[in-house]
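Open the model in your viewer and keep the selection tool ready. This tour goes stop by stop, with something to select at each one.

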Amino acid sequence: YGIRFLGPNCIGIIHPAFYLNPTMFPYLHQPGSVGVASQSGTYVTQILSLLARSQIGYSKAFSVGNAADLDLVDCIEYLGSDSETKAIVLYIEGIKRPREFIRATSRVTRQKPIMALYVGGTEAGARSSTSHTGSISGPDSLYDALFRQAGVIRAYCVEDLYEWAWALACLPLPKGRNMAILTHSGGPATSLADACNRLGLKVPIFPESLQGKIRQFLPATGSTANPVDLTFFTDMTVLMEKLPQIILEEPSIDGLLIHGIQGSSYLLSLAEIAGSRVRIPSYEKIKNFFFSSMEAFVQLPQKQGKPVVASAFAEREDDAVAFVQDHRLPCYRSPERAVRAMAALCQYAEIRFRE
């Protein structure tokens with residue numbers, strides 16, 4: 001009767017915007033713009049609690065299982081034409097229609113990014129995937145070449161897979177690999193700079209004209225050259241509003257990495273440490289002032305047309321982190337994760353605009 005179906009041996013579909021979720025796992029966070037096609041039901045459903053910690057939301061998600069009818073290629077073609085989907089995630093144990101896969105992904109990646117986690121390229125992994133969905137795996141080198149030809153970005157762990165898609169679904173693409181780094185602490189600044197260079201991103205010394213503009217906001221102990229290190233300077237309007245604006249206006253800078261998003265967790269911990277010895281204004285009294293800077297900050301990527309990727313050693317229990325994530329600006333839980341996401345943005349920009 002021409003009825004198409006997913007499976008067998010699958011867990012179904014999720015379409016959060018329509019409150020459609022016939023799986024047995026609850027989807028409790030906001031809909032998003034990451035489309036998923038997976039040969040593992042776990043990477044559609046059991047991973048939801050992890051994704052909710054960062055508000056990485058699905059547009060649609062498909063568990064294809066053994067793919068007796070609808071397969072990854074069908075899902076790619078559907079998600080490629082879906083207006084709600086801005087980035088596509090694939091979990092792959094084997095590809096039954098490689099020619100069609102290359103044709104579909106090559107066409108879709110001209111419009112939106114595709115990230116893939118391929119497993120089974122080792123002897124032990126191949127045994128597991130065969131027993132799981134009956135997929136016949138190929139060597140890693142074969143899939144590396146296939147992904148390069150099709151413009152698919154390969155991830156090697158599931159957290160990178162979704163975290164890169166998060167950035168690619170939300171942010172404008174960089175025009176190059178010159179990154180600015182802005183932090184309130186020297187340690188994360190150095191971690192960001194090292195990670196950038198290891199992943200092929202550049203951290204150029206700022207022009208003297210830009211350093212002069214930055215210097216007027218920094219204490220004497222601060223660094224203006226790039227990375228910009230405020231050395232535990234606690235004026236959040238400088239960190240979140242004034243300096244990012246100045247830095248992103250520099251034509252030679254293609255993107256900004258910022259560490260130090262913090263709100264309630266930091267200020268409430270100061271109050272707890274101080275106790276009755278120091279009079280600290282209640283957090284509620286200064287919250288409105290604090291969040292005026294946050295509102296300006298989350299508008300920067302679209303206003304400047306450049307990606308801004310943040311990191312913090314706090315998660316959504318901190319209201320500043322939650323605010324940033326809820327306004328579609330990715331904030332990661334370590335500097336290195338933020339850099340890997342920025343590198344994925346650069347990689348896709350080069351794929352998208354290559355000859």
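By class, how many nonpolar, polar and charged residues does the lining of the second largest pocket have? Hold that question for the pocket stop.

**Before you start**

This is a predicted model: local features need pLDDT of at least 70, side-chain atom pairs count only at pLDDT 80 or more, and totals for chains, interfaces and linings use all residues. Residues are numbered from 1 along each chain as its sequence is written, and side-chain values use heavy atoms, with hydrogens and water left out.

**Whole chain**

Show the chain as a cartoon. It has 14 helices and 11 strands. These are DSSP runs, numbered from the N terminus: helices are H or I with at least four residues, strands are E with at least two. Of the 355 residues, 54% count as buried. Buried means under 20% relative accessible area, exposed over 50%, and partly exposed in between, with a 1.4 Å probe and protein chains only. Among contacts with a separation of 6 or more, 72% join residues 24 or more positions apart. A contact means heavy atoms within 4.5 Å.

**The second largest pocket**

Select Lys86, Gln111, Pro113, Leu168 and Arg352. Of the 13 residues that line the second largest pocket, these are the closest to its centre. The volume of this pocket is about 190 Å³. On a 1 Å grid over the protein atoms alone, a pocket is an open set of points where a 1.4 Å probe fits, with protein on both sides within 12 Å along at least five of seven lines; lining residues have an atom within 4 Å of a point. Points are joined across faces, edges and corners, and the volume is the space filled by probe spheres set on them.

Now the opening question. The lining has eight nonpolar, two polar and three charged residues. Here Ala, Val, Leu, Ile, Met, Phe, Trp, Tyr, Cys and Pro count as nonpolar, Asp, Glu, Lys and Arg as charged, and the others, Gly among them, as polar. Helices H6 (158–170) and H14 each give two or more residues to this lining. H6 gives the largest share, three residues.

**Leu168 and the cores**

Stay on Leu168. Its contacts include Lys86, Pro113, Met115, Ala344 and Tyr348, not counting residues up to four places away in sequence. Together with Leu168, they touch the most other members of the largest nonpolar core, which has 52 residues. Helix H14 (residues 335–352) supplies the largest share of this core, 11 residues. A second, separate core has 35 residues, including Ala180, Val238, Leu300 and Ala310. A nonpolar core is a set of buried Ala, Val, Leu, Ile, Met, Phe, Trp, Tyr and Cys residues joined through side-chain atoms within 4.5 Å.

**Ile114**

Move to strand E5 (residues 114–118), where Ile114 sits. Ile114 is buried, with a relative accessible area of 1%.

**Helix H13**

Select residues 319–326. Seven of the eight residues of H13 are buried, so this helix is largely enclosed by the rest of the structure. The buried ones are Asp319, Ala320, Val321, Ala322, Phe323, Val324 and Gln325. At the start of H13, look at Asp318: one of its side-chain oxygens reaches to within 2.8 Å of the backbone nitrogen of Ala320. Just after H13, Arg328 takes a positive phi of about 60°.

**Gln55**

Go to the loop between helix H1 (48–52) and strand E3 (58–63), the place of Gln55. Is Gln55 buried or exposed? Gln55 is buried, with a relative accessible area of 13%. Its contacts include His29, Trp166 and Asp326.

**Two cis bonds**

Select Gly7 and Pro8. A cis peptide bond joins them, with omega about 0°. Pro8 lies in the segment before strand E1 (12–14). Asn9 has a positive phi of about 60° although it is not a glycine. Asn9 is partly exposed, with a relative accessible area of 47%.

Finish at Asn226 and Pro227. Another cis peptide bond joins this pair, with omega about 5°. Asn226 lies in the loop between H8 and E8. Its phi is positive too, near 110°. Asn226 is buried, with a relative accessible area of 7%.

Technical notes
Polar contact = N/O pair within 3.5 Å; in protein donor to acceptor, adjacent residues only side chain to side chain.
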